[in-house]
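Colleague: I'd like to learn how to read a few features of this structure. Could you walk me through them?

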Amino acid sequence: MIIVLKPRTKQQEIDHVVNLIKSKGLDTHIVEGSEMTIIGCIGDTTRIDSKLFEVNPFVDKVMHVQEPYKLANRAFHPEESIVDVSGVKVGGGSLAMIAGPCSVESTEQVLEIALAAKASGANLLRGGAFKPRTSPYSFQGLGLEGLDILCEVKKETGLPIVTELMSPEHLELFNEKVDLIQIGARNMQNFDLLKQLGQLDRPILLKRGLNATYEEWIMSAEYIMASGNENVILCERGIRTFENYTRNTLDLQSIPVLRKLTHLPVIVDPSHAGGKWWLVDAMSRAAIAAGADGLMVEVHNNPECALCDGAQSLKPEKYDELFRDVAQIAKVLGKTVS
Ligand code: PEP
Ligand code: MN
């Protein structure tokens, strides 16, 4: 249930509604917009009569929220959320342009890619230190050494870093060192991990599970938010369908749908969606045109020798072309890269 208050409602009146909600054993979430104040009720509202609130002249309307997600719900927060990743704004017209290798392989490799991506205009650097691989015999990532390399390259380039957290064992370390903590598709429903992310100060990049519905995906964001961290960015990365020509099927519809259902920024990873480097440019353009708040693209200086996902990685010069194409579309839409 959400209670919309009329413009210029006094603090005393807001407190009155909050106390009334709390006296029913529920929690509140207040959003003060430029035009109105919205009070969201968190908890079981089924036994509360909306008339309780409607009798107050300063209450504009009371709405029941059918969806199981509340904090992530657009109804709770009509304005788009802007997530601040160490100074880089994501959402509300500012794009996250995340680029970098699938896996961190060496300092030289990450530095070369990061410098090239930055020169193209990328504002965030990605690189996997801990890799979720389908086969235990595949390269598993450099682990802690990989994280140190990312930090070193961040120092050199000034680019904030994005990397995947797989185990709760590394929560504190990631909270200290990583600017945007990525939760991969395979961990989207690792509920214990999601709850623990709520305790962190860092923003979270939550990728869509391989076969997750929109509601399941948003509920995972709700887990993080309900545990105390509202800085969540969603990332569409393709889903499993019957088509196996491409690695996954990029669900571009998810962008307008998520925009309608939630206030969280939504970005797109075209690399893991298609699994082929030559699909990345077209899908990036389509994603930005469809309203995405950014892209996460795999870039490698030597894709042939990449230890992971070389086939879907762009060479830096191709990323440069992509960036220029995307920048033109962004400009038409009035969006910028901060
Ligand atoms: C990745 O971004 O490195 C990755 C493994 O992606 P996903 O979790 O979407 O498969
Ligand atoms: Mn990859």
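Colleague: Let's start in helix 11. By about how much of the helix are K318 and E321 separated?

Modeller: Keep in mind that this is a predicted model. K318 and E321 sit 3 residues apart in helix 11, so about one helical turn separates them. Their side chains form a salt bridge, with the closest N and O atoms 3.8 Å apart. For a salt bridge, you look for a Lys or Arg side-chain nitrogen within 4 Å of an Asp or Glu carboxyl oxygen.

Colleague: How many salt bridges does the count come to?

Modeller: The count is 14 salt bridges. One of them pairs R285 with D325, at 3.7 Å from N to O. That pair links distant parts of the chain, since R285 belongs to helix 10 and D325 to helix 11, 40 residues apart. R285 has a relative accessible area of 33%, so it counts as partly exposed, and D325, at 28%, is partly exposed too. Another salt bridge brings together the side chains of D84 and K89, at 3.0 Å.

Colleague: Which residues form a nonpolar patch on the surface?

Modeller: Those are Y245, W277 and W278, and together they have about 390 Å² of accessible area. W277 is also in helix 10, which covers residues 277-289. With 41% relative accessibility, W277 counts as partly exposed.

Colleague: One last thing: at what angle do helix 7 and helix 8 pack?

Modeller: For helix packing, read the angle along with the distance between the axes. Helix 7 (residues 214-226) and helix 8 (residues 254-261) pack at about 50 degrees, and their axes are 11 Å apart. Helix 7 is therefore oblique to helix 8. The crossing of helix 7 past helix 8 is right-handed.

Terms used: Residues numbered from 1 in each chain as written. Chains lettered and ligands numbered in written order. Predicted model: local features only at pLDDT ≥ 70, side-chain atom pairs only at ≥ 80, totals over all residues. Heavy atoms only, no water. Patch = residues over 30% accessible without salt bridge, like charges linked within 9 Å, V, L, I, M, F, W, Y side chains within 5 Å. Areas by Shrake-Rupley, 256 points an atom, 1.4 Å probe, with all protein chains shown as cover. Helix = DSSP H or I, 4+ residues; strand = E, 2+ residues; numbered from the N terminus. Buried < 20%, exposed > 50% of the residue type's maximum accessible area, 1.4 Å probe, protein only. Axes fitted to C-alpha atoms, helices over the stretch in contact; angles between N-to-C directions. Parallel < 35°, antiparallel > 145°, perpendicular 65-115°, else oblique. Left-handed = near helix turned anticlockwise from the far one by under 90°.
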